Structure formats: structure tokens, C-alpha cells
Amino acid sequence: MPLLHFHIVKGSRNATEIRELLDSAHAAMLEAFKVPERDRYQLVSEHDKTHMIIEDTGLDIPRTDKVVLLQVVSRPRSKEQITEFYRLLAEKLEKDCGLKSADLMVSIVQNSDEHWSFGLGRAQFLTGDL
């Protein structure tokens, strides 16, 4: 159920590399958040280099054109689950995709059960369908 929205620089990856990015992130999410395998909702937005500025908040984190900004919308998760997700995500993206951890920025926005409808005009978490 987490919705993962990847923001990348246009032309920085081909279709195969994007799929590897999505697959690796999904694996990290499955392990950290313990969600079902088919609980997969992912978007990729490609931006012109001039339309995507990802700096380092004064932390001296070097960024390249391979930078990924990942926005995650999710039901509440524990601090331990979130910390584990960050660790696993960075580890899997580096191993599977060659993405340096310095080129990964993640923001998680938490919401509640009533904020989700998976279709059919229903709030499945509230109706008991999920």
C-alpha cells in the first residue's frame, strides 16, 4: 500500500535501469514494512536537470545526475521500520543498481486508513476489505 514516487533526472536511466530501481525499492519495502508482495504502487517522474535541484542541507553530501528523490506515502510505520527501510533501500539500490547512497534522498509522508481508496469508490481499510 505504500505509494512510492521516484523523481529522477530525465535521460539519466534507460527503461531497464528504471525497472531495476523499482524492483529493488519494492524488495526493500517488502522486507522493512512487511506488506504483501502485490502491494505495489510506484510512479516515476523524469525531470529536466534544470527542474530538479537536490542539495545536501549543509551535510556535504555529493550529488550526481543519478540522484533519486523518493517520496513515500504510507500508513503509519514505526521508527524502527522506517530506519530499516532507509538502510535496506540504500543497500539494495547500491548493490542492484549501482546507486551511491549519496544520490538517494527519501521523504515519507504518513497518513491514515481513511485516506486510501484502491478503487470501486470504497475505503477498503475502513470497510474491512483489507
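A pocket is an open set of grid points with protein on both sides within 12 Å along at least five of seven lines. The views below show a predicted model.

**View 1. The largest pocket and its lining.** The space in the largest pocket amounts to about 160 Å³. Its lining is formed by Met1, Lys34, Val35, Pro36, Asp39, Tyr41, Arg75, Arg77, Phe118, Phe125 and Leu130. By class, seven of the lining residues are nonpolar and four are charged, with no polar residue present.

**View 2. Helix α2 and the elements it packs against.** Buried positions in α2 are Ile82, Phe85, Leu88, Leu89, Ala90, Lys92 and Leu93. These buried residues pack against α1 (15-33), β3 (68-74) and β4 (104-110). After α2 comes glycine 98, with a positive phi near 70 degrees.

**View 3. The largest nonpolar core.** This core holds 25 residues, and Phe6, Phe85 and Leu89 touch the most other members. Two or more residues are given to the core by each of β1 (3-9), α1, β3, α2 and β4. Helix α1 supplies the largest share, nine residues. Another core, of five residues, lies apart from the largest one and includes Val9, Met52, Val67 and Leu69.

**View 4. The surroundings of phenylalanine 6.** With residues up to four places away in sequence left out, phenylalanine 6 touches Leu21, Leu22, Ala25, Gln42, Leu43, Val44, Ser45, Val68, Leu69 and Leu70. Phe6 is also one of the residues that touch the most other members of the largest nonpolar core.

**View 5. Aspartate 23 in helix α1.** Aspartate 23 belongs to helix α1. Its relative accessible area is 34%, so aspartate 23 is classed as partly exposed. Between the C-alpha atoms of aspartate 23 and aspartate 96 the distance is 9.2 Å, although 73 residues separate the two in sequence.

**View 6. Glutamate 37 in a loop.** Glutamate 37 is placed in the loop between α1 and β2 (41-47). Glutamate 37 counts as exposed because its relative accessibility is 56%, and the cut-off for exposed is over 50%. Beyond its neighbours within four places in sequence, glutamate 37 makes contact with His26 and Leu30. Glycine 11 is 26 residues away along the chain, and its C-alpha atom lies 29 Å from that of glutamate 37.

Notes. Residues numbered from 1 in each chain as written. Predicted model: local features only at pLDDT ≥ 70, side-chain atom pairs only at ≥ 80, totals over all residues. Heavy atoms only, no water. Buried < 20%, exposed > 50% of the residue type's maximum accessible area, 1.4 Å probe, protein only. Helix = DSSP H or I, 4+ residues; strand = E, 2+ residues; numbered from the N terminus. Contact = heavy atoms within 4.5 Å. 1 Å grid on protein atoms, 1.4 Å probe; cavity = no way out; pocket = protein on both sides within 12 Å on 5 of 7 lines; lining within 4 Å. Points joined across faces, edges and corners; volume = space filled by probe spheres on them. Nonpolar A, V, L, I, M, F, W, Y, C, P; charged D, E, K, R; others polar. Core = buried A, V, L, I, M, F, W, Y, C linked by side-chain atoms within 4.5 Å.
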